[in-house]
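This report goes through strands, helices and core contacts in turn. Please keep the sequence and the structure in view while reading.

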Amino acid sequence: MPAPLPATAPPLSLSEVVRELIARHPDALIVSTCGFTSRELFNAADRPENFYLVGSMGMSAPVALGLALARPERTVIALDGDGSLLMNLSVLPLVAASGTDLLHVVVDNGMHESTGGQSTVQRSDFVALALAAGYRSAVRVETAEELRAAELPAGAVLLHALTGPRTDGPGRRVTHTPQEIVARVHAAANRPAR
C-alpha cells in the first residue's frame, strides 16, 4: 500500500492530471472512463480527440488499445480511474502484449466518487501490477511537481496518479450523444496529427 501523502504537499487533483495531459499531448486521442473523469476532461478541453465513455466503466483501456492499434502514428491515452481499472484488470497483459505506444493513466482517489464515494478495494499498487503484466514502464506520482517531472517513454506505459477527493463540483455533464462522440473521434483519428 502506498505511503500517505506528506502533510506539506497538497493532494494531486484530477483537474491537475487532466490539464497536464492536455498540455503535454495536445493532439492525443484521449479515451476517458465514465463519470467525473469524463466530465473533467469535457469541461477542461472539449475537443474531437476526446472519446468520453459515458456509462462504460472498465473500458477506457480496451478502447484506447483499439485506437492505438488502428492508429499507431497517433499518441493515445487511456484516462482511467482506480475503480474502473479494478473492474477490468485483465486489460493490463493485453496492453503489454500489444506492442503499442499507449499511455495508461490511472487516477486513483481510492473511491467510486461518481456514484457517491464508496471505497474501492484499497489503494492498489497499479505500478507493480502493470510491470508484472509486462508494461515497459510504470510510475506513481503523488504531487503536481512529481506529475510534471514524470518521464513517460514510448511503449506501454502506466502513470498511477494518487489524488484526493474532489473539493469542487464535478462540472457539466458531457453534452454530446454517444453517436456524436464516435463520429467526432472517428474524424479526429483519421486526420493527421498536427
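A138 stands opposite L158 in β8. The model is a predicted one, in which local features need pLDDT of at least 70 and side-chain atom pairs count only at pLDDT 80 or more, while totals for chains, interfaces and linings use all residues. Residues are numbered from 1 along each chain as its sequence is written, and side-chain values use heavy atoms, with hydrogens and water left out. Helices (H or I, at least four residues) and strands (E, at least two) are DSSP runs, numbered from the N terminus.

**Strand β8 and its partners**

Strand β7 (residues 137–141) pairs with β8 in the parallel sense over five bridges; two strands count as paired if DSSP finds at least two bridges between them. Together with helix α7 (residues 144–149), β7 and β8 form a right-handed β-α-β unit. Right-handed means that, with the strands pointing away from the viewer, the path from the first strand over the helix to the second runs clockwise. β8 also runs parallel to β4, joined by seven bridges, and V105 stands opposite L159 in β8.

Seven of the seven residues of β8 are buried, where buried means under 20% relative accessible area, exposed over 50%, and partly exposed in between (1.4 Å probe, protein chains only). A156, L158, H160 and L162 point one way from β8, and V157, L159 and A161 point the other way. H160 has a relative accessible area of 0%. Leaving aside neighbours within four places in sequence, the contacts of H160 (heavy atoms within 4.5 Å) include D108, S124, F126 and R140.

| Partner of β1 | Sense | Bridges |
|---|---|---|
| β3 (residues 76–81) | parallel | four bridges |
| β2 (residues 50–52) | parallel | three bridges |

I30 stands opposite I77 in β3, and V31 has F51 in β2 as its bridge partner. From β1 the chain crosses through helix α2 (residues 36–45) to β2 in a right-handed β-α-β crossover.

**Helices**

Helix α8 (residues 178–189) has twelve residues and reaches 16 Å from its first C-alpha to its last, close to the 16 Å expected at 1.5 Å a residue; the expected span is 1.5 Å times one less than the number of residues. In α8, I181, V185, A188 and A189 are buried. They lie on the same side of α8 because they cover an arc of only 95 degrees around the axis, the arc being that of the directions from the helix axis to the C-beta atoms. Q179 and H186 are exposed on the other side of α8. The cover over the buried residues of α8 includes β1, β2 and α3 (60–70).

In α3, the buried residues are S60, A61, A64, L65, L67 and A68. Their arc is only 165 degrees around the axis, so they are on the same side of α3. Among the elements covering them are α5 (91–98), β4 (102–108) and α8.

**Core**

A nonpolar core is a set of buried Ala, Val, Leu, Ile, Met, Phe, Trp, Tyr and Cys residues joined through side-chain atoms within 4.5 Å. Of the 54 residues in the largest one, V17, L67, V105, Y135 and L158 touch the most other members. Not counting residues up to four places away in sequence, Y135 touches residues including L92, V95, H104 and L158.
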